[in-house]
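Hi there,

Have a look at it first, then read on.

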Amino acid sequence: MRAVLDKLPLWAAALWWGSLSTLGFLVVPQLFMHLPGTMAGALAAKLFTAQTWVSVACAALLLLASRPRDGAQHSASSIHAARLFIVGGLLLALLVEFAVAPRIVARENLALWHRLGSGMYLLQWVCAATTFWRLAR
C-alpha cells in the first residue's frame, strides 16, 4: 500500500499533463474542424472549465504530497523541487478560468484574450510537463 501512495504524485502529474495535452492539442482542434464555430467554441469553453478543475485537483494533491514527511526525504525532494511549477500551473489555470475565459466567452476583444489564454494554457502545460518530468526522474 505504501508503494502505491508513494507513486500517487507521479500519477497526478501524469494525469495533469496528459489531460492538458489531450484537450488542448487534440480534442479542441478537432471540435473546430468538425463543428460550426459558435458550437465548437461553446463546447470548448465547457471542456476547458472541466480541465481547470482537473488541474486544480492534481495540483492540490501534488502540493499535499510535497509536504515533508518522516522517512520519505528522497521522494519528497523531487516533488519539493517541482513545487514552484505546481503553484505556477495552478495559478495559470485559475487565471485562465476566472480572468480570461469570461472575456473570450463574451467575445470582448476576442483576438487579444484568445492569444493571452492560449499562451497561459501553454505555460500551464509547460509547468505540468516539468512537474511530471521531475517526478519521473
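Of the 137 residues of the protein, 32% count as buried, where buried means under 20% relative accessible area, exposed over 50% and partly exposed in between, with a 1.4 Å probe and protein chains only. Please keep in mind that this is a predicted model, in which local features need pLDDT of at least 70 and side-chain atom pairs count only at pLDDT 80 or more, while totals for chains, interfaces and linings use all residues. Residues are numbered from 1 along each chain as its sequence is written, and side-chain values use heavy atoms, with hydrogens and water left out.

The protein has five helices and zero strands; helices (H or I, at least four residues) and strands (E, at least two) are DSSP runs, numbered from the N terminus. Along the principal axes, the C-alpha atoms fill a box of roughly 55 × 25 × 20 Å.

Buried residues in α5 include Trp 113, Gly 117, Tyr 121 and Leu 135.

Now to the rings. A search of the whole structure finds five aromatic pairs. Rings of Phe, Tyr and Trp (its six-membered ring) pair if their centres lie within 6.5 Å, and planes under 30 degrees apart count as stacked, over 60 as edge-to-face and the rest as tilted. One of the pairs is Trp 17 with Phe 132, stacked at 5.8 Å centre to centre with 15 degrees between the planes. This pair links distant parts of the chain, 115 residues apart: Trp 17 is in helix α1 (residues 2-34) and Phe 132 in helix α5 (residues 110-136). Trp 17 is partly exposed at 28% relative accessible area, and Phe 132 is partly exposed at 26%.

Another pair is Phe 48 with Tyr 121, edge-to-face at 5.3 Å centre to centre and 75 degrees between the planes. Phe 48 lies in helix α2 (residues 37-65) and Tyr 121 in α5, so this pair ties together parts that are 73 residues apart in sequence. Here Phe 48 is partly exposed at 28%, whereas Tyr 121 is buried at 11%. There is also one aromatic cluster, formed by Trp 17, Phe 25, Trp 125 and Phe 132.

Two arginines sit over rings as well. The charged end of Arg 103 is 4.8 Å from the ring centre of Trp 113, and Arg 137 lies over the face of Trp 133, 4.6 Å from the ring centre. The criterion is NZ of Lys or CZ of Arg within 6 Å of the ring centre and within 35 degrees of the ring normal.

Finally, have a look at the loop between α4 and α5. Arg 107 is found there, and its phi is near 60 degrees, a positive value in a residue other than glycine. Asn 109 is in that loop too, with a positive phi of about 45 degrees. Most residues other than glycine have a negative phi. Arg 107 is exposed, at 60% relative accessible area, while Asn 109 is partly exposed at 48%.

Best wishes
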